[in-house]
Amino acid sequence: MSLRIVRVLLDTGEYETLATSLPPSFTPNQIRELYHARWGIETAFRELKYNYGLINLHGKQEKFVRQEIFASLIMANACARIISAVTIQQSQKAKYDYMANQKMGIYLCKQFLSHPGADGTQLMRDIARYTEPVRPGRQDQRNLKIKSFPGFVCWVAA
């Protein structure tokens, strides 16, 4: 696989370096726009990996891996529908509006679905207890840390 390294200028005046397999007919600005458009997809993949347990796949055959991925997608859709139906009481005195914490909502939904006969209204109240502020336009600094190769530890019996 051959890759092309492209540096694009960000709105902050800094440069971002991207590796791409797109042909040279794509300009750096087009690549920047495509990268920006894909960001929502990348965050959705991160959520599937970490919140729904797809970081480690358990199937060894392709059909079982597909089954696990589709099961996680169905769970993600079910949890998203449940969490979006939760009503969060907004305070007039608060600086921000609040929404349900997605990660905690997913955890509570998984617990609810694994216990037959659990109370749905209690689930909604539990999700509403865990909130986070909505901060429009907020951008955090990227925390880049260089990770070295951990190596392999081999024990030899003498």
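A salt bridge is taken here as a side-chain nitrogen of Lys or Arg lying within 4 Å of a carboxyl oxygen of Asp or Glu. The structure is a predicted model, in which local features need pLDDT of at least 70 and side-chain atom pairs count only at pLDDT 80 or more, whereas totals for chains, interfaces and linings use all residues. Residues are numbered from 1 along each chain as its sequence is written, and side-chain values use heavy atoms, with hydrogens and water left out.

The chain contains four helices and four strands, these elements being DSSP runs numbered from the N terminus (helices, H or I, of at least four residues; strands, E, of at least two). Along the sequence they are arranged in the pattern β-β-α-α-β-α-α-β. Of the 158 residues, 16% count as buried, where buried denotes under 20% relative accessible area, exposed over 50%, and partly exposed the range in between (1.4 Å probe, protein chains only). With a contact defined as heavy atoms within 4.5 Å, 42% of the contacts between residues at least 6 apart in sequence join residues at least 24 apart.

Side chains of opposite charge can pair when their charged atoms come close. A search of the whole structure returns four salt bridges. One of them joins Glu 62 to Arg 66, with the closest N and O atoms 2.9 Å apart; both residues belong to helix α2 (residues 62-84), where they are four residues apart, about one turn of the helix. Glu 62 is exposed, at a relative accessible area of 54%, while Arg 66 is partly exposed, at 46%.

Another salt bridge is formed between Asp 11 and Arg 32, whose closest N and O atoms are 2.8 Å apart. This pair links distant parts of the chain, since Asp 11 lies in the loop between β1 (4-9) and β2 (15-20) and Arg 32 in helix α1 (residues 28-51), 21 residues apart. Asp 11 is exposed, with a relative accessible area of 72%, and Arg 32 is partly exposed, with 28%.

Asp 126 likewise forms a salt bridge with Arg 129, the closest N and O atoms being 3.6 Å apart. Because these two residues are three residues apart in helix α4 (residues 120-129), about one helical turn separates Asp 126 from Arg 129. Asp 126 counts as buried, at 19% relative accessibility, whereas Arg 129 is exposed, with a relative accessible area of 59%.
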